[in-house]
Amino acid sequence: MYTLYHDKRTSVIEVKKARKALQSWNYRKEVTKHNDCYFICLTRKPLVEKADEIKLSWILELEEALNKVRQIEF
């Protein structure tokens, strides 16, 4: 079992093996949201794909904000 931790404020995305306490829970092969910062899955590959989705969404948000700033005229 693996976890995906993400925190937009600190720009951190990590995929790690789950701690022993979480491994006793019954999770599925699909990526499951555990709380605001964690996703859990039995395999690593779907979490890496989810991490890429999260990273892309952060990049798109930042590019949109940057474009708004670039369009400011004096």
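Reader: In which helix is Leu62 found?

Author: This is a predicted model, in which local features need pLDDT of at least 70 and side-chain atom pairs count only at pLDDT 80 or more, while totals for chains, interfaces and linings use all residues. Residues are numbered from 1 along each chain as its sequence is written, and side-chain values use heavy atoms, with hydrogens and water left out. Helices (H or I, at least four residues) and strands (E, at least two) are DSSP runs, numbered from the N terminus, and Leu62 belongs to helix H2.

Reader: Is Leu62 buried or exposed?

Author: Buried means under 20% relative accessible area, exposed over 50%, and partly exposed in between, with a 1.4 Å probe and protein chains only. Because its relative accessible area is 61%, Leu62 is exposed.

Reader: In what order do the strands of the open sheet stand?

Author: Two strands pair if DSSP finds at least two bridges between them, and here 6 bridges join E1 to E2, whereas 4 bridges join E1 (residues 2–7) to E4 (residues 38–41). The edge strands, each pairing on one side only, are E2 (12–17) and E3 (32–33). With antiparallel pairing, the 4 strands form an open sheet in the order E2-E1-E4-E3.

Reader: Which residue in E4 is the bridge partner of Tyr5?

Author: In E2, Tyr5 stands opposite Glu14. E1 also runs antiparallel to E4, and there the bridge partner of Tyr5 is Tyr38.

Reader: Which residue takes a positive phi in the hairpin of E1 and E2?

Author: This hairpin has 4 residues between the strands, and the positive phi, near 55 degrees, is taken by Ser11.
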